[in-house]
Structures are given as structure tokens and as C-alpha cells.
Amino acid sequence: MVAERTLLSPEDIRRALVRIAHEIIERNKGAKDIVLVGMQTRGVPLARRLSSIIQQIEGIPIPTGSLDISLYRDDLSRRPLRPYVHPTDIPVDITDKNVVLVDDVFYTGRSIRAAMDAIMDLGRPQSIQLAVLVDRGHRELPIRADYVGKNIPTSRSEEIKVYVTEVDGEDKVTIVTSGKEGGT
Amino acid sequence: MRPIKQALQSKAADALPSLSTAVWRHHHVLDLDDFSREEIELVLDITDAMAEVLQREVKKVPTLRGKTVVTLFYEPSTRTRASFELAAKNLSADTVNLDASKSSVTKGESLLDTLRTIQALGADIIVMRHNHSGAPYVAARHINASIINAGDGWHAHPSQALLDIYTIRKHLGDLTDRKVVMIGDITHSRVARSNIWGMTTMGAKVVLCGPPTLLPCGLKEFIRRCLPSQVTVETEIEAAIRDADVVMPLRLQAERQQSGLLPSLREYIRLYQINEARLGLARPHALVMHPGPMNEGIEISPEVARSAQSVIEEQVSNGVAVRMALLYLVAGGRN
């Protein structure tokens, strides 16, 4: 039996993003030299929202790009049958910049490992930081997030679903309980 | 025509992330006759991602690390073989190139024994070109590794057709109702055949033009039965090329004259060569394409080959990206 329960409303999401934006500015002592990189798929609109919030606060434009890690994954043969790859598009040179990766859900950490490999192939950033909307635990690699919207402890049989208006038509975060093992 | 980098950036900037539902089910890539429109579009979209990799300073991603790609060519090739090898290397695969004329094939080793040996050596993907139509199908029946057809006899050349479609889409967008004209030796052209399947699946209108001696027997019947509203045959170049969106002359082999299929090269040139005057009958934005290698002065005039409308060199560059997409898709798991 499958049950889906809403944990974050659109307002909760908005407030989390505003707080993360302030934390990014505080940590980096300003917005200069920051490049936001959203991870396909839902990290991309989240990165764009963070970019415009930071721009409103600091008054300078923040270069924002998107990254598809499909070509850097460690599980090619176990990849689902839907193998779509978006072009990676980062509009500036990332060398000496502070790259902030943006993703919707932080789980095992394998996606972030792949993202770091991808970023290193594109240049030599001064730092790579990680902002996630939801941290659901169960890390399989020694990787941590710098900025977290909400910590939601889960069991492996549960799934966190993030909906963003730009992709799904609405903003919310839900938890799905199915009683079956799953996840990446 | 916008330069490629500009076109890629504007597409990525406008596009919201999409959730493609396209599914890939091909263990082999033998021809385009069993590719749906959705599958061809999946290859084209992934080609865009690979083209972005090719614009980096370090043109490499680790996707096929640990995989072995072997090219096995029974016929000579410059662009196709190098293109597949570079595509594999850009994906960090290990590559081995076998030239049949310098292998134990010269000692009489059969195709299947050769393939079994290659598989036993650890090949995950075999890219093969053979002079017999159907050879890769035989391979696919007996070999577990993935087979990619790099050209078999007169029959098929799917990666060429895909890169042709990609090139057209890049410049002209949606292929629906576009008039694509292929001129020349259709009978002996595997490029023409795969393009017929691929371009009609994408909604284009294909015109085949050439002297009657170089149009295959049964062509009209085949069209009537399989692709009645999408393919037409013309023997007059002016009618064929008028209002075309894409003009694709095919290489004319000198041997055709020797075997009596043409009275003379001079007559072929006079009646069918794509020159500036004839190109002027096509639409102003029409693309000039050619699978290569070209016989400048025979099927295509040097002026047209170098004209601003020619995308012939770009086809070669696009070929590497398309082949990276195919290797990635085929390597991605068993069905």
C-alpha cells in the first residue's frame, strides 16, 4: 500500500531557499566569485531561484549553470532504461570560483561524487560547496552538505519526492511510504 | 547559419529541464528501419550533450571506462573508422582497431571465428564494416557483444544517417515536411537506404534522383508498398532539386562507367552534377551535404563543395558526437 504525505509546503520551501541564500552569502563573505550549478533535473530550477534571491540581496548577478552527471555515474550497466542526457551548460569559467552545487534531495552521496568529478573536469574551482533542499540521510560515501533546507530522517523503504513548479507544476516535498526496499 | 556553440547555448538556456520518457531497447544498432521517431530523437538529444563535451578543452568523460570497443573493418574507411575510435576514446573506453586486410582473415579465418575471437578477447562493443549486406545481422545472431553496423554492403549505414539527420536538425530544426534530395548512385548506396528510413521516420519528404541505370530495380514498387506518401523518384535533376531544403549528392564511383551503367562521366556531370546553377533552384537556406569522400568535379562542383551552404565538414564533426551517443546508449545495459 502506497501513502504520500506532504512535509513541506510552498512557503516552507521558499523560506528554506531564502535562508540558504543568506547562508551562502555569509559563508563566502559576499557573492563575488560564486557560481551556482544546479543538478539535473530539479536542482536546476532551484539553483535559478537561489540565484535570483542572492541577486536581490547583494545586487550583483550570479552566474548560474546546469550539470548532468549521467556521463559520470558509477552504475552504467544498472542504469534504468531511460538514459536521457542533457548538455551540461555552465556559462563561465569555474577556475578560482566557489562552485555551489544545488540538488533537491541528498541521499547516498553518489550523485555528488559524480558531480565533483564533472566539475573538476571543467576547471579548477577554489572550492566546491553543496546546497540541498532536503537531506534524507543514509550516506554511502564520506560527503556532507554545506547548506541544508530541511533534514528529514527516512528509512530506506521510504522515498522523498520533491515537486518544483518549473518541472511539476507545483511546489511541495512529500514522503512516500510503500513498504518496499528501493532508492539510489 | 548560427555557429554550433551559439546554437547549443541558446537551446540550453531556454530549455527548462525536461523529463524525457524515451526508452532505449536496442542491444545492437544495425539499421534505422526499426527505430521509432522517439528513439531517433533520443539519439539526437544525447548527441547535443556529447557535442558539449567535444567543446571542452579536455574532451573526455569517464562513462565507458573499463569497456572495450573493437572496430573491425573489412572495407577501407577514413572518417567512419576514425570517428568511432575517437568517439570511444572520448568516453574513456579502450579501443582496438582491426583491419581485415592485415589480419588472419587473409589466412582464411571466417567472419564468425573472427568475431568470436574478438569477443573472447573482451570486446563489449564491436563496430563492424563489411562488404556483404547482412553481415552484421549474422554477427548479432551469434555474438553476445553489442554490434554497431558501420556499413554493410549496399544495405545500411545507420550512424551516417543519424549524423545527417542531426546536422539537418541543427540548421533547419524539425525535419517534418522538409524536402531532402539525394542524387546519384542510389543502387549502390547504403547511405541512401539508411537515410530513406531515418528521414521518413522524422517526417521528411525524400526525393531520390539519378539516371535510371543507377536507381534500384523494384524501387517504385518498394516505395508504393512501404513509404507511398514520403518518397518520390525523379530522373530529371531540375525537378528533383527545385525547392529542396537539403541537397545531398552521393559519391559516384568511377567503376560504374566501366561496368556499363553510365555512358560516360562527362554525361553524368552534364546531367546530374550539383553545380551553382542547379543549387540555385533549391531554397535559399538549403544545405549541401555529402557523406564523403567527395569526387569534386564529378557529382559535386568544387564551388558548391566549398560554398557557404555546404555543411560537409560539419557532418564529420557531428559524426563523432553522434557515435558517442550510440556507444553510450548501447553500453548502458542488457535488456
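Reader: Which classes of residue make up the lining of the second largest pocket?
Author: In this predicted model, that lining has eleven polar, seven charged and six nonpolar residues.

Reader: How much space lies in that pocket?
Author: The second largest pocket holds about 660 Å³ of space. Its lining comprises 24 residues, and those closest to the centre are R129(B), R190(B), R251(B), G292(B) and P293(B).

Reader: And which helices supply lining residues?
Author: In chain B, α3 (79-90) and α7 (190-201) each supply at least two residues of the lining of the second largest pocket.

Reader: Let me change topic. How many disulfides does the structure hold?
Author: Over all chains, the structure holds zero disulfides. C209(B), for instance, is in none, and the nearest cysteine sulfur, that of C217(B), is 17 Å away.

Reader: Is C209(B) buried or exposed?
Author: C209(B) is buried, as its relative accessible area is 0%.

Reader: One more residue, please. Where is L141(A) found?
Author: L141(A) is in the chain A loop between β5 (127-135) and β6 (147-151). With a relative accessible area of 26%, L141(A) is partly exposed.

Reader: What does L141(A) touch, leaving aside residues up to four places away in sequence?
Author: L141(A) touches T108(A), G109(A), R110(A) and R113(A). From L141(A) to R110(A), the C-alpha separation is 7.0 Å, although the two are 31 residues apart in sequence.

How values were computed. Residues are numbered from 1 along each chain as its sequence is written. Chains are lettered from A and ligands numbered from 1 in the order in which they are written. This is a predicted model: local features need pLDDT of at least 70, side-chain atom pairs count only at pLDDT 80 or more; totals for chains, interfaces and linings use all residues. Side-chain values use heavy atoms; hydrogens and water are left out. On a 1 Å grid over the protein atoms alone, a cavity is a set of points where a 1.4 Å probe fits but cannot get out, and a pocket is an open set with protein on both sides within 12 Å along at least five of seven lines; lining residues have an atom within 4 Å of a point. Grid points are joined across faces, edges and corners, and a volume is the space filled by probe spheres set on the points. Helices (H or I, at least four residues) and strands (E, at least two) are DSSP runs, numbered from the N terminus. Ala, Val, Leu, Ile, Met, Phe, Trp, Tyr, Cys and Pro count as nonpolar, Asp, Glu, Lys and Arg as charged, and the others, Gly among them, as polar. A disulfide is a pair of cysteine sulfur atoms within 2.5 Å. Buried means under 20% relative accessible area, exposed over 50%, partly exposed in between (1.4 Å probe, protein chains only). Contact means heavy atoms within 4.5 Å.
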